Amino acid sequence: MENKNAPVLVQAEGVCKYFKVSGGRVLHAVEDVNLTIHRGETLGLVGESGCGKSTLGRTLMGIYAPTKGKLVFDGKEMDLHNKRERFAFSKKAQIVFQDPYASLDPRMTVGSIIEEGMVIHNMYDAEGRKKRVAELLDTVGLNREHANRFPHEFSGGQRQRIGIARALAIEPEFIVCDEPISALDVSIQAQIINLLHNLQDELGLTYLFIAHDLNIVKYISDRIAVMYLGSVVELASSDELYANTLHPYSKALLSAVPIPDPELEAKKTRQIINGDVPSPINKPKGCAFSSRCPVACEECSKSVPPLREITPGHFCACHLVEKK
């Protein structure tokens, strides 16, 4: 769980990630993101599909090198354009993917899948790797005998446990969980969430947890960042964000979260967002949300609001939110 006195493990300073598309155009997937993630913390990342959550996660853990900006890990600025430094960083940061079946090589045994990272990073001898695989299978709640089976022989929840074991194999400090439960049955989701919680407590892991389910994000996260069209528009502790939502986009997102009480759910006012998400190729001038925002003013269409600290620890990028 979050410790405000804990050192910062991951820091993004003005991070941007652009992709060239047809016609010489540029897709702005991530735009000027500033984030810090403390050691031992879980930072939740939410937003609608296509807002750049997964791209940001993959940039923070080194799959993509930032187009602009700095990525600092444990106090050291990372040069992810340098292959040697990128390779060394891959031992410190790993990822758990959304689809546990698509992310596992169907031609490899479970033992080989988990062992692969150890082979690449020259960890242990053959006997030591075999022992480590058995330990990891125990850790994620699977049998040691499963090492000789193939991914298609397992259920979705079991395959995700294999994916988690693979991520843990090289003893990383930081794990990006990229919607790790969205492809699983609800009953299995709780098991995976509890497993991630327990592993964090036991191993001191730091998570970036990306998801659509806002109830799950609230449960597992210490702080939550809300993204819209590649930018972070609000950032606060989990309890603070839900109790005192500031950004109009965040308010609309949270109004869509179902309440497990029929009477309260019936009385709830849903905030509908009209219009379409602007293109990340032709981003509008000013606030990206202004064309859909119910309270936008003239200033919103002219300049991009910076992410400001409105109250201690609560940041919001909106011209109409005043500091308190």
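**Note on pockets, cavities and helix contacts**

1. In this predicted model, strand β2 contributes four residues to the lining of the largest pocket, and this is the largest share. The volume of the largest pocket is about 390 Å³. Its lining is made up of 19 residues, of which Glu 31, Ser 231, Val 232, Val 304 and Pro 305 are the closest to the centre.

2. Two strands, β2 (26-38) and β10 (231-237), each give at least two residues to the lining of the largest pocket. Sorted by class, that lining comprises 13 nonpolar, three polar and three charged residues.

3. The second largest pocket has a volume of about 330 Å³. Here 17 residues form the lining, and those closest to the centre are Gln 94, Gly 117, Ile 120, Arg 166 and Ile 170. At least two residues each come from α2 (83-90), β6 (93-96), α3 and α5. Helix α3 provides the largest share, namely five residues. The class count for the lining of the second largest pocket is eleven nonpolar, four polar and two charged.

4. Helix α3 (residues 110-120) also packs against helix α4 (residues 126-139): their axes come within 10 Å and cross at roughly 120 degrees. Because of this angle, α3 is classed as oblique to α4. The crossing of α3 past α4 is right-handed. On the α3 side the contact involves Val 110, Gly 111, Ile 114, Glu 115, Met 118 and Val 119, and on the α4 side Arg 129, Arg 132, Val 133, Leu 136 and Leu 137. Seven of the residues in this contact are nonpolar, one is polar and three are charged.

5. Helix α5 (residues 156-168) is paired with helix α6 (residues 186-203), with axes that come within 10 Å and cross at roughly 20 degrees. The angle is under 35 degrees, and therefore α5 counts as roughly parallel to α6. This crossing, too, is right-handed. From α5, the residues Gly 157, Gln 160, Arg 161, Ile 164 and Leu 168 meet Ile 188, Gln 191, Ile 192, Leu 195, Leu 196, Leu 199 and Leu 203 of α6. By class, the contact of α5 with α6 holds eight nonpolar residues, three polar and one charged.

6. The largest cavity has a volume of about 60 Å³. Its lining consists of His 247, Pro 248, Cys 287, Phe 289, Ser 290, Cys 293, Ala 296, Cys 300, Pro 305, Ala 317, Cys 318 and His 319. Nine of these lining residues are nonpolar, three are polar and none is charged. Pro 305 is listed both in this lining and among the residues closest to the centre of the largest pocket.

7. The second largest cavity holds about 50 Å³ of space. Val 46, Leu 214, Val 217, Ile 224, Val 226, Leu 241, Tyr 242, Ser 250, Leu 253 and Leu 254 line the second largest cavity. Elements giving two or more residues to this lining are α7 (214-220), β9 (223-228), α8 (238-243) and α9 (248-255). Helix α9 supplies the largest share, three residues. In the lining of the second largest cavity, nine residues are nonpolar, one is polar and none is charged.

Terms used: Residues are numbered from 1 along each chain as its sequence is written. This is a predicted model: local features need pLDDT of at least 70, side-chain atom pairs count only at pLDDT 80 or more; totals for chains, interfaces and linings use all residues. Side-chain values use heavy atoms; hydrogens and water are left out. On a 1 Å grid over the protein atoms alone, a cavity is a set of points where a 1.4 Å probe fits but cannot get out, and a pocket is an open set with protein on both sides within 12 Å along at least five of seven lines; lining residues have an atom within 4 Å of a point. Grid points are joined across faces, edges and corners, and a volume is the space filled by probe spheres set on the points. Ala, Val, Leu, Ile, Met, Phe, Trp, Tyr, Cys and Pro count as nonpolar, Asp, Glu, Lys and Arg as charged, and the others, Gly among them, as polar. Axes are lines fitted to C-alpha atoms, for helices over the stretch in contact, and angles run from 0 to 180 degrees between N-to-C directions. Angles under 35 degrees count as roughly parallel, over 145 as roughly antiparallel, 65 to 115 as roughly perpendicular and the rest as oblique. A crossing is left-handed if the near helix is turned anticlockwise from the far one by less than a right angle, and right-handed if clockwise. Contact means heavy atoms within 4.5 Å.
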